[in-house]
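Dear colleague,

My notes on what was found in it follow directly after.

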Amino acid sequence: MVTLVESIDINAPFERLLNWADNFEEEFVRWSPLHLECQLFNNGINKGDRVRFYEIVMGMDYDVSGSIIESDFCDDHFKVSFESDKKTAVITFEGKRTETGCRFTHTESFGMQTPVIGPIMNFLIFKVLFRKKANWDLIRDDMRLDNLYLQRILTVGEFPKRIPLEEVKRHSPGELIEKLGG
């Protein structure tokens with residue numbers, strides 16, 4: 001199993017981050033020009049709800065459906081975890097209130113968790129079958145880019161400009177991070 005974690009401190013009220021999470025279906029596509037679709041099949045992000053994310057990173061489609069497996073919200077913290085239908089990916093978004101604003105943590109875990117067969121299957125999945133999509137540096141850069149975009153959205157209300165689809169297929173998250181100065 002491979003787990004990638006990216007956090008960012010944001011100098012904005014936690015309530016803005018919470019509002020962003022509460023409106024996730026609309027906000028997902030506005031969040032990044034690489035994000036193309038988000039569907040909340042049950043109209044929410046509650047445990048058991050069905051979700052679909054679709055984005056393109058460097059010409060690779062990441063079109064994933066699954067279910068919310070954890071959804072906890074309180075006055076100073078939230079955590080929402082999504083598991084893919086194939087049970088090979090868990091994506092977690094977590095927000096916390098801090099003294100200066102809030103912290104957003106984006107975690108993505110990939111691979112089978114089964115003790116004996118998991119490592120063998122993970123090798124086949126990541127090194128043989130889907131080697132191109134299992135580019136951990138590219139995925140980490142995409143997560144960092146998402147965090148930088150979210151910071152701008154919450155601090156200055158600036159959403160990234162949409163990129164034409166043919167360009168989306170060519171842009172790397174690293175190039176977009178450089179343009180942002182992050």
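Cys38 counts as buried because its relative accessible area is 9%, where buried means under 20%, exposed over 50% and partly exposed in between, with a 1.4 Å probe and protein chains only. Cys102 is likewise buried, at 0%. The whole structure contains zero disulfides, a disulfide being a pair of cysteine sulfur atoms within 2.5 Å.

Please note that this is a predicted model, in which local features need pLDDT of at least 70 and side-chain atom pairs count only at pLDDT 80 or more, while totals for chains, interfaces and linings use all residues. Residues are numbered from 1 along each chain as its sequence is written, and side-chain values use heavy atoms, with hydrogens and water left out.

Beyond residues up to four places away in sequence, Trp20 touches Glu27, Trp31, Phe104, Leu150 and Leu154, contact meaning heavy atoms within 4.5 Å.

There is also one cavity of 30 Å³ or more. A cavity is a set of points, on a 1 Å grid over the protein atoms alone, where a 1.4 Å probe fits but cannot get out, and its lining residues have an atom within 4 Å of a point. The largest cavity has a volume of about 110 Å³, that is, the space filled by probe spheres set on points joined across faces, edges and corners. Its lining has 13 residues, with Phe24, Ile45, Ile68, Val80 and Phe93 nearest the centre. Strand E5 provides the largest share of that lining, three residues.

Finally, Gly101 lies in strand E7 (residues 101-110) and counts as buried because its relative accessibility is 9%. Gly101 and Asn11 are 90 residues apart in sequence, yet their C-alpha atoms are 4.7 Å apart in space. Leaving aside neighbours within four places in sequence, Gly101 is in contact with Ile10, Ala12, Phe14 and Lys96.

With kind regards

Definitions and conventions:
1 Å grid on protein atoms, 1.4 Å probe; cavity = no way out; pocket = protein on both sides within 12 Å on 5 of 7 lines; lining within 4 Å. Helix = DSSP H or I, 4+ residues; strand = E, 2+ residues; numbered from the N terminus.
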